[in-house]
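Please look over the sequence and the 3D structure below before reading on.

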Amino acid sequence: MNFIRFLKGSIRLVLHGTKLYYAWLFFLAILIIWGGFGYANQLQNGLITTNMRDSVSWAFYIGNFTFLVGIAAAAIMLVIPAYIYNWNPIKEIVIFGELLAVCAVIMSVAFIVVDIGNPLRFWHMLPLIGTMNFPYSMLSWDFFFLMAYLLINLIVVIHLLYSVFYKRDYNRKMVLAIVFISIPMAVGIHTVTAFLYNALPARPFWNSALLAPRFLASAFCSGPAILLILFQILRKITNFEIKDEAIWKIAELMVYAMFIYLFFTIAELFKEFYSDTEHILYWKYLLFGIGDNNEIVIYSWSSIIMGFIAFILLLIPKTRKNFVTLNIGAVLIYASVYVEKGIALIIPGFTPDVLGQIYVYTPSMTEIRTAVMIFSLGFLLFTFLVKIAIAIIFEDYNIDVINQKGEEKGQRNRF
Amino acid sequence: MKKDNSRRSFLKNISLASFSALALAGCNMKEIDEFLQKNFRVLSEKEKTDIIRSLEEKYKEKYDKEFHVSAKPAMEGVLFGYALDLSKCIGCRKCVYACSEENNQSREPQIQWIQVLQMEKEKGIDFAHSNIHYNPEKVPEEGYFYVPVQCQQCENPPCVKVCPVKATWKEPDGITVVDYNWCIGCRYCMAACPYGARHFNWGEPNVPAEEINTNMHYLGNRPRMKGVVEKCTFCIQRSREGKYPACVEICPVGARKFGNLLDPNSEIRYILENKRVLVLKQELNTQPKFYYFFGV
């Protein structure tokens, strides 16, 4: 009963807002509908509406999935520095990090659902009613890890908000324990996702032990970028207090992550180019194209250039501490990692294919529309959750307010 | 007041009832049965027979022909092996089309289980410089040789290991098969296969009724559906009946050999013991049972 009132209160929050809020919802709704029709076309005619074919059998969808797992992982890993450096509002940082993680996991699973040929057969993968290939298939591990991660983040977030809503003390021990479990889990989901690609000797491009470390490093660039911007917005529109120093510290940590990522990538490139074996083909295709086939070169170099500019902007203290250049840097690194995971990670794994043939892949309109649909739905969910959290944490939206409103309404009815 | 309520709830109930009736009418019982069907390997013998009977009916309805769908298991003491004579193959692609017809591969969109690579004699076996789309007036071309590639029926198949739902597995006679009713279409197996042997039904597969092969095996050439993976099964519907795969029969130069690896007197054993034999991508430890050899 209490929980239902909490839910009702949350729904009321979601339904009411400023004009700007409604405009934002309207904008998202248009994107969802536009993307939804693209996805409907794919459901009807099959994955033939994508540009994937036997040679390049995974592409943009699975890249998006990988990117979002990274976002989900990094959102929680930000709790470590928040704890170590004692940034004051740790509870708030945990809540918004977890909300982001929840949305990112849901979106990543959605990308798997749109990628598989028979989404209705998803239950075949479940233990007991299906025949899950555990522990051999990395996909079954990934599924387990993602579900567990989603569950523990949901528990923490709901418990915290629920307690504040009812003006009770939250169970500090339990929350701390779960948060400390979720940190290694965050590392775990992204590592397992890297292992998905990593141990396929048929694909030399991914068959490098540095793949998982590179995943983690790049996630630590893109994930905090979102939170960094979100914290600034929250600071403006609520009484959320986070010091400039904390935001700069996040940016500084992102620079370390970028540097580590750069180092790993250079190590990988050195090994490949200096050994000059046949495995170099995939990197060549990514960076320079092979023969006339250079369609994905623009993706790889735009990712590299955006990444470098972001690195410089966040590295130099003067531009890091200027909020305009800081935010440009955050957006650029986010975009850079998105292109890197979405295209540059997956496509060279398949091009040239295992028999040496080149099939040129770039995403089809259906794939782009479906991705837009999932991202808009994800943003919608994130908007709702953040709005609820803001009201409960910063605007004293609690059970008393609901009761008061209920009384007013009751009185009005009586008259 | 109360009356109003009950009328409203009545309207609500009736619309709900009609909606669910419509939903049920939309999908018939057979579709529901098919949806709830279990993994082939956990089905009882009776369930298998029932499923096969209903499949035969379904195909008859669709193609207006009599069908025979077999679920014959592997024979004791048989492990199938294949050998291809690189010195003989002329790259005519007759095997490609015989395979497509025998195994009911979709014509449009086109699926082919055998891919023939044209390679330069100067370079040797080198995938990066091979060409799949060669199209001269006449084969073989001077300076080239040909390497047909199909499922290598690995003893250590990387595709089976990665499948998240156990929809593909290695049978006791060494053939790796797919349960098309269980495959979720994630295509992890295609990422894992080093030989490009697995093919996906990106669209609704289509075989003209007059060209359909009515002699089928459940784990082999029965019609596939949109969104599932398929692959060479050494013509399981033929080989388990003691016949050669279609590609072996059609080959005009006799480059293709097939037999039981466990039979010491078989032709395949003779080749392995007396010829210069190689397997593709040996370094990956997939242990193919598809051997390439030089007859001369």
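Which residues does A72(A) touch, not counting residues up to four places away in sequence? They are A101(A), A104(A), V105(A), S108(A), Y149(A) and I189(A). The model is predicted.

**Nonpolar core**
- The largest nonpolar core contains 187 residues.
- A72(A), L100(A) and M254(A) have the most contacts inside this core.
- Helix α5 (residues 90–115) of chain A supplies the largest share of the core, with 15 residues.

**Contact between chains A and B**
- On chain A, 37 residues are in contact with 39 residues of chain B.
- Helix α6 (residues 138–165) of chain A gives the most to the side of chain A that touches chain B, namely three residues.
- That side of chain A has 18 nonpolar, 13 polar and six charged residues.

**Cis peptide bonds**
- Most peptide bonds are trans.
- A cis bond joins T351(A) and P352(A), with omega about -5°; P352(A) is in the loop between α14 (347–350) and α15 (365–394) of chain A.
- The bond from V139(B) to P140(B) is also cis, with omega near -5°, and P140(B) lies in the loop between β3 (115–120) and β4 (144–149) of chain B.

**Positive phi**
- Most residues other than glycine have a negative phi.
- R187(B) has a positive phi near 70° and sits in the loop between β6 (176–178) and α6 (188–192) of chain B.
- R187(B) counts as buried because it has 23 C-beta neighbours inside 10 Å.
- K281(B) has a positive phi near 50° and is in the loop between β11 (276–278) and β12 (290–294) of chain B.
- K281(B) has 16 C-beta neighbours inside 10 Å, so K281(B) counts as partly exposed.

Technical notes: Residues numbered from 1 in each chain as written. Chains lettered and ligands numbered in written order. Predicted model: local features only at pLDDT ≥ 70, side-chain atom pairs only at ≥ 80, totals over all residues. Core = buried A, V, L, I, M, F, W, Y, C linked by C-beta atoms within 7 Å. Buried ≥ 20, exposed ≤ 12 C-beta atoms within 10 Å, placed from the backbone. Helix = DSSP H or I, 4+ residues; strand = E, 2+ residues; numbered from the N terminus. Contact = placed C-beta atoms within 7 Å. Nonpolar A, V, L, I, M, F, W, Y, C, P; charged D, E, K, R; others polar.
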